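Subject: Structure for your review

Dear colleague,

I am handing over the structure we spoke about, with the sequence alongside. Please open it first and keep it in view while you read the notes that follow.

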Amino acid sequence: MDNQVTIERKQIDTFATLVMTSLCFIWGTQQVAIKSVANEISPVLQVAIRSGAAAGLICLMFIFKKTSLRNFAICVVPGGAAGILFGLQFLFVAEGLRYTSASHMSVFLYTAPIFAALGLQFFRRDERLSAPQWIGIAITFAGICVAFLSGNASGDSSGQALAGDIMGLFAGLSWGATTVLVRCSSLSESPASHTLFFQLAGGVLVLSTYSYFSGQNHFVPGTFGIISLIFQSIIIGLLSYLAWYSLMRKYMASQLGVLSFMTPLFGVITAVFILREQLQPGFISGAMLILSGISIVSGWSWFRLRFLTGLVKKER
C-alpha cells in the first residue's frame with residue numbers, strides 16, 4: 001500500500017499548530033457534551049443523530065458546490081471500512097461513558113496516536129518508529145496500567161469503571177486504525193469531505209442499528225440537549241473532522257499526533273469544571289505517563305528535525 005501514496009507530507013508549522021489547538025479544544029469537550037445530556041438523549045443515539053445530521057450537511061455541500069462524485073467509486077471499499085471503524089469508535093465512546101467518567105474517556109480515547117504510529121510503521125517507511133519512540137510506547141503502556149489500577153472516583157463500581165475505561169481504549173484503537181486506513185489507501189488522495197462522508201454514513205449505520213436493537217432510544221431533549229446536538233453535529237461532526245482530514249492530507253500524521261495530546265488535557269479540565277468529576281491521584285499519574293508517551297512517539301521526528309539537526313549543524 002506504500003506505493004499508493006505519492007504526495008509528500010509537510011512538517012508541522014504554525015498554521016497546523018493553531019488549527020490543531022482549536023481542534024483539540026473542540027474534541028476535548030465532546031465527551032462532556034455527550035455525558036452532560038445523557039439523561040435527555042441516550043449517548044449512542046446522540047452520536048447517531050449527529051453523524052446523520054453532519055452527513056446530510058455534507059450532501060448539501062456536494063449539491064451546492066456541484067461536486068463530482070466520480071472519485072467515490074474508487075474509494076468505496078476503504079471508505080466502507082473507514083465508516084465501520086468510525087462507527088465502532090463512537091460506539092465504544094458512547095457505551096463507555098455509561099460506566100466511566102468523561103475525564104477517563106478523554107484520556108483513553110486519545111491513545112489513538114499511539115495505535116496509529118504502531119500501524120503506520122508497517123505500511124509507511126517514512127513513519128517507522130525509532131528507539132526513542134519505542135520508549136514512548138513503553139511509557140504509554142505503563143501509564144495505561146497505572147490509570148487502570150487507579151480505580152474510579154465517580155461512585156460507580158470498580159468493575160463497571162474498568163469496563164468503561166477498556167471501551168475508551170478500544171475507541172482509541174478504532175480511531176488509530178482509521179488513521180492508518182486513510183493514510184494508506186486511496187482515501188489519502190480523496191477530498192476530505194468524501195472521506196468524512198464515508199465515515200459519517202458508516203457511523204449512522206452502525207450506531208443507529210445498535211441503538212435500535214439495544215433499546216437505547218431515549219429522546220426527551222431539553223434546551224441543553226438541543227444545544228448539545230447542534231454543537232456536536234455542526235462543530236464536531238462536520239467542521240472539526242473536515243479540518244482534521246484536510247491536515248492529514250498535507251502534514252505527516254505522526255507529527256500531528258504530538259499536538260493532539262492537548263485534547264485529553266482539555267477534556268479532563270472541562271469534565272472537572274463542568275461535570276464536577278473527581279480525579280484520583282493514581283489516574284492523574286497514569287494520565288501524565290500516557291500523555292508523556294504520546295508526546296514522545298508523536299513528537300520525536302519533529303524534535304529531532306527542529307533541535308538535534310540544528311545542533312549538529314552548529315557543531316560543524
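A cavity, as the word is used here, is a set of grid points where a 1.4 Å probe fits but cannot get out, whereas a pocket is an open set with protein on both sides. Rolling a probe the size of a water molecule over the atoms shows where empty space is left. By that account the structure holds 2 cavities of 30 Å³ or more. Please bear in mind throughout that this is a predicted model, and that every value below was computed from it.

Confidence and overall fold

The average pLDDT of the protein chain is 82, and 85% of the residues score at least 70. Confidence is highest in helix α3 (residues 76–96), with a mean of 92, and lowest in helix α10 (residues 253–260), where the mean is 67. Residues 1–6 have a pLDDT below 50, although this stretch still has 15 contacts in the model beyond near neighbours in sequence. Where pLDDT is low, the predicted coordinates should not be read in detail.

The protein chain has 12 helices and 0 strands. Of its 316 residues, 52% are buried, and among contacts between residues at least 6 apart in sequence, 89% join residues at least 24 apart.

The largest pocket, for its part, has a volume of about 170 Å³. Its lining consists of Thr29, Val32, Ala33, Ser36, Phe224, Ile227, Ser228, Phe231 and Ile274, and the elements that give two or more residues to it are α1 (14–36) and α9 (223–250).

Aromatic rings

There are 13 aromatic pairs in the structure. In one of them, the rings of Tyr212 and Phe213 have centres 5.1 Å apart and planes at 85 degrees, and because an angle over 60 counts as edge-to-face, the pair is classed that way. Both partners are exposed, since their relative accessible areas, 59% for Tyr212 and 69% for Phe213, lie over the 50% cut-off. Elsewhere, ring pairs link Trp27, Phe86, Phe90, Tyr110, Trp175, Tyr241 and Trp244 into a cluster.

Leu229 has its place in helix α9, and it is buried because its relative accessible area of 12% falls under the 20% cut-off. Leaving out residues up to four places away in sequence, Leu229 touches Ile41, Gln46, Ile49 and Phe219. With Gln46 the separation along the chain is 183 residues, yet the two C-alpha atoms are 7.0 Å apart in space.

Thr140 lies in helix α6 (residues 131–149) and counts as buried, at 2% relative accessibility.

Although Arg276 is not a glycine, it has a positive phi of about 60 degrees, and at 62% relative accessibility it counts as exposed.

With kind regards

How values were computed. Residues are numbered from 1 along each chain as its sequence is written. This is a predicted model: local features need pLDDT of at least 70, side-chain atom pairs count only at pLDDT 80 or more; totals for chains, interfaces and linings use all residues. Side-chain values use heavy atoms; hydrogens and water are left out. On a 1 Å grid over the protein atoms alone, a cavity is a set of points where a 1.4 Å probe fits but cannot get out, and a pocket is an open set with protein on both sides within 12 Å along at least five of seven lines; lining residues have an atom within 4 Å of a point. Grid points are joined across faces, edges and corners, and a volume is the space filled by probe spheres set on the points. Helices (H or I, at least four residues) and strands (E, at least two) are DSSP runs, numbered from the N terminus. pLDDT is the predictor's confidence in each residue, from 0 to 100. Contact means heavy atoms within 4.5 Å. Rings of Phe, Tyr and Trp (its six-membered ring) pair if their centres lie within 6.5 Å; planes under 30 degrees apart count as stacked, over 60 as edge-to-face and the rest as tilted. Buried means under 20% relative accessible area, exposed over 50%, partly exposed in between (1.4 Å probe, protein chains only).
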